[in-house]
Each structure stands twice: as structure tokens, then as C-alpha cells.
Amino acid sequence: MDSPSKLLLFEQSIMPHANAAYNLARWLTRNEHDAEDIVQEAYLRAFRFFDSFHGGDGKAWLLTVVRNTCLTWRRREQSMLKVPFDEVIHSSGDVAATRETRLVERSQLGNVRDCLESLPLDFREVLVMRELEEMPYREIAAVTSLPLGTVMSRLSRARRRLQECVTERMKRAAK
Amino acid sequence: MTCESANSLAGAYLDEELDPSVSVQVREHLATCDSCAEALAQLGALRADIREHAPYYRAPSDLQDRIRVAVRRADRQGGGLWRWLAMAASILLAASLAWNVALRQSHSSRADTVSENIFSSHVRSLIGTHLLDVPSSNQHTVKPWFNGKLDFSPDVKDLSMQGFPLIGGRIDYVSDRPVAALVYQRRQHVINLFIWPSATPDSDTEAVRNGYHMVHWNSAGMAWWAVSDLSAGELRQFRILYEQ
């Protein structure tokens with residue numbers, strides 16, 4: 001691909017998906033600054049490897065790169081911190097939630113957002129792609145490199161976890 | 001079908017991701033099993049809760065600008081003919097040129113210049129910073145805003161009760177004339193509705209460009225173009241509600 005047409009094609013098929021890229025990165029990192037850095041890095045990576053994009057759905061292709069960039073980023077952060085990042089602690093301990101409840105009233109908004117934010121990454125990412133991006137299973141499978149059946153069962157478990165969390169909070173708020 | 005398997009398939013059923021034959025079995029089971037039907041209703045409520053209350057984080061516009069600049073820089077460092085082009089123009093000028101050229105090159109057929117214009121206006125409104133001149137969900141704010149700016153008065157309707165809230169409007173240029181663009185939202189999807197006077201006889205067309213659906217109709221001396229990344233079905237639904 002010669003350079004001008006590569007740039008043009010990239011701007012046409014990949015640039016319009018910046019919102020989807022940012023939304024996924026923001027939910028995966030739970031942090032707006034990291035999300036911005038990741039999206040910018042992911043776009044540069046995507047441009048570098050654009051020759052491997054053979055048309056089709058630019059969004060799913062870009063989100064694959066964003067997700068990989070998030071995972072790399074997280075590994076790097078963890079090795080720098082020398083503290084093993086434990087999704088179980090982060091998810092069941094409601095770390096994000098307690099931080100947020102100081103800011104947000106115990107409203108419905110706080111509940112479902114906090115709960116989604118506190119789910120383990122594996123669950124969070126499939127829910128964000130399904131419910132906020134409205135992606136079909138086939139595309140979620142492509143982005144996560146998971147078999148379709150695994151996407152289906154993971155979503156099912158993720159929804160159950162989310163529902164339990166929301167119900168639990170509503171009970172607590174009612175007390 | 002047992003309750004256990006119906007429950008494990010409920011999510012995929014809700015997502016319309018099951019094979020038709022399996023889907024029928026689930027539906028038959030739900031018709032006879034109150035507890036499974038209740039579980040499905042809860043899943044539906046959870047979905048509505050997420051879509052209503054979990055934020056969809058949109059990329060800040062300065063981030064989008066930074067990305068464009070960074071990608072262009074990477075492209076120039078890649079070398080080739082583009083380096084000379086880029087040296088000849090400032091980055092911003094190159095940005096707007098490249099975008100237009102891209103759209104023109106990819107759709108060179110003259111027959112549908114208008115739909116091409118509509119498509120590029122829609123995409124520009126989403127990736128740039130100029131989606132709204134008048135951000136307001138109030139039709140009585142948006143409609144008068146166009147007074148004196150256009151030689152016609154667009155029909156501004158609030159469809160928030162029907163699930164398509166108005167978020168504002170702007171002036172755009174399509175086929176070398178100023179037109180009204182009303183902006184509606186459906187969940188995180190943006191709908192641009194372009195309106196201008198037109199002598200074209202009444203007509204109805206639909207088109208798809210790069211995954212964006214367009215619905216176009218002429219009536220009562222006006223042309224309407226609705227464009228969005230919504231499904232064709234939902235965009236048609238929008239048009240019907242708007243016309244009511």
C-alpha cells in the first residue's frame with residue numbers, strides 16, 4: 001500500500017471509531033488519563049499494522065488493538081509496581097465502589113456503574129462490548145480471541161455477577 | 001427443555017444470538033414456565049439499567065485531534081510521496097484535504113453526490129468538534145435559533161418520549177447550500193437529520209455507506225436525510241416517528 005492511500009484509508013475506516021476505542025479503554029482501565037494514553041498508543045499501533053487490516057469491520061479490528069494495548073499496559077504497570085494485581089481483591093473488595101460512593105449518591109446511577117466497574121476484567125469487557133457497544137457475539141469473539149461459546153457463557157456469568165451486585169447494593173441502601 | 005438449560009440460554013436468547021431452532025425451544029419453554037420468564041424479564045431490566053445508567057465514555061475532542069496529528073506524523077516518518085505533500089501544506093490543511101479527497105476517491109459516482117455529501121457531513125460532525133451549534137433538547141429553543149440563518153424554517157420535533165431525544169442542531173453545508181441539521185440521539189448513537197427545501201418530487205430511498213445507514217425522503221417541497229450508525233430498522237422507526 002503506498003503511503004497516501006494508506007493514510008486516507010486509515011482515516012476513513014479507523015478514525016471514526018475513536019469513541020468506541022475510548023469507551024472500551026476507559027472501562028478497562030477505570031481511569032481517564034490511562035484511557036487517553038492507551039487510545040493514542042493503540043491508534044499508532046493500528047496505523048503501523050494497518051496492512052494486516054483486510055477491510056471489513058474497522059471497529060472490531062481497532063478494538064482488538066485497543067484491548068491488547070490495555071493488557072500490555074496493565075502488565076507493564078504491574079511489573080513497575082511489583083505488586084501482583086489481583087482482580088479478585090479488586091472486584092470483591094469494592095475498591096472502586098467505595099471510592100465512588102463518596103462522590104456519587106447511592107443512586108441507581110452509582111449502583112450499576114460501580115458494579116460494572118468492580119467486575120473482573122474478563123466479565124467487564126464482554127459486558128461493555130455487548131451492552132454499550134452493542135456488538136454481536138461474533139465480533140466480541142474476534143476482539144477477545146475467544147470461541148463463540150465462551151463469549152456466550154462468559155456474558156451469562158457476567159450478567160449474573162452484575163445482577164447480584166446491584167441487588168446487594170439496593171438492599172444495603174434500603175437499610 | 002429444562003429450566004436449567006433455558007436459564008443458561010436466556011442471555012443469548014435476549015441477545016438474539018441463538019439458532020432459530022433453539023430460540024423456538026426457549027420461547028416455548030418460557031411460555032409455560034413462569035419462573036424462567038421472570039428470570040428473562042430481569043435480564044431485560046438489567047440491560048435497560050446498564051444502557052441507561054452506565055456511562056458511554058466519548059473520546060474527548062482534543063484526544064481525537066492529537067491522534068490525527070500523531071498518525072500523520074507517523075505516516076510522514078514512514079516516508080514516500082506523502083512527505084512532499086505534507087511539507088507543502090500545514091498539518092491542518094492536509095487534514096481537511098485528505099478527508100475530502102478520501103471521501104471523493106472512494107465514491108466517484110456522480111449519481112449520488114448528495115448522499116456522499118450527507119455521509120461526509122455526518123462523519124465530519126462525529127469526528128470533529130462541530131456537532132452542535134445550538135445544544136438543546138428543547139424544540140422551542142432549537143427551532144427559533146435557525147431564524148434568520150436559513151431561508152426556511154425546519155420542522156423541529158422532540159422525540160424524547162419515543163426514545164430519540166433531541167440534542168440540538170447546527171447549520172451545515174450540503175451540495176453547496178446551507179441546510180438545517182437536527183441532531184438526535186438513540187442510546188449512544190447519533191442521528192443527523194438534514195433538512196432543506198427541494199423541488200424534487202415526492203420520493204423515498206435508503207442507502208448504506210461504510211456501515212452508516214441513510215434514509216431519505218422528499219415531501220411537501222422539502223428534502224430530508226436521516227443518517228446514523230443505527231440499524232436500518234431503527235432509523236426507519238425514527239423517520240416514522242418524526243413524520244407523525
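Predicted model: local features only at pLDDT ≥ 70, side-chain atom pairs only at ≥ 80, totals over all residues.
Me: What order do the seven strands of the open sheet in chain B have?
Reply: Residues are numbered from 1 along each chain as its sequence is written, while chains are lettered from A and ligands numbered from 1 in the order in which they are written. Helices (H or I, at least four residues) and strands (E, at least two) are DSSP runs, numbered from the N terminus, and two strands pair if DSSP finds at least two bridges between them. Here the order is β1-β2-β3-β4-β7-β6-β5 in chain B, with antiparallel pairing.

Me: Which are the edge strands of chain B?
Reply: They are β1 (134–135) and β5 (203–209) of chain B, each pairing on one side only.

Me: How many bridges join β2 of chain B to β3 of chain B?
Reply: Eight bridges link β2 (residues 166–174) with β3 (residues 177–186) of chain B, and the two run antiparallel. To find this pairing on screen, look for B:Leu166, whose bridge partner in β3(B) is B:Tyr184.

Me: And how do β3(B) and β4(B) pair?
Reply: Their pairing is antiparallel, over seven bridges. B:Arg186 has B:His189 of β4(B) as its bridge partner. Two residues lie between the strands of this hairpin, and B:Arg187 takes a positive phi near 50° there. On to β7(B): seven bridges pair β4(B) with β7(B), again in the antiparallel sense, and B:Trp196 is partnered by B:Ala223 in β7(B).

Me: Now for the helices. How should I read the packing of two of them, say α9 and α10 of chain A?
Reply: Two packed helices are described by the angle between their axes and the distance between the axes. Axes are lines fitted to C-alpha atoms, for helices over the stretch in contact, and angles run from 0 to 180 degrees between N-to-C directions. In this model, α9 (residues 137–144) and α10 (residues 148–174) of chain A pack at about 100°, with axes 9 Å apart. Since 65 to 115 degrees counts as roughly perpendicular, α9(A) and α10(A) are therefore roughly perpendicular to each other.

Me: Which residues of α9(A) and α10(A) meet?
Reply: Two residues are in contact if their C-beta atoms, placed from the backbone, lie within 7 Å. A:Tyr137, A:Arg138, A:Ile140 and A:Ala141 of α9(A) meet A:Leu148, A:Val151 and A:Met152 of α10(A).

Me: What does chain A contain overall?
Reply: Chain A has 10 helices and zero strands. Of its contacts between residues at least 6 apart in sequence, 66% join residues at least 24 apart.

Me: How many residues does each chain bring to the contact between the chains?
Reply: Chain B brings 42 residues and chain A brings 38. On the side of chain B that touches chain A, α4(B) gives the most, with nine residues.

Me: Which residues touch the most other members of the largest nonpolar core?
Reply: A nonpolar core is a set of buried Ala, Val, Leu, Ile, Met, Phe, Trp, Tyr and Cys residues joined through C-beta atoms within 7 Å; buried means 20 or more other C-beta atoms within 10 Å of a residue's own. Among the 94 residues of this core, A:Ala21, A:Ala25, A:Val39, A:Val66 and B:Ala226 touch the most other members. Helix α2 (residues 18–29) of chain A gives the most to this core, with eight residues. Leaving aside neighbours within four places in sequence, A:Ala21 has contacts including A:Val39, A:Val66 and B:Ala59.

How values were computed
Buried ≥ 20, exposed ≤ 12 C-beta atoms within 10 Å, placed from the backbone. Parallel < 35°, antiparallel > 145°, perpendicular 65-115°, else oblique.
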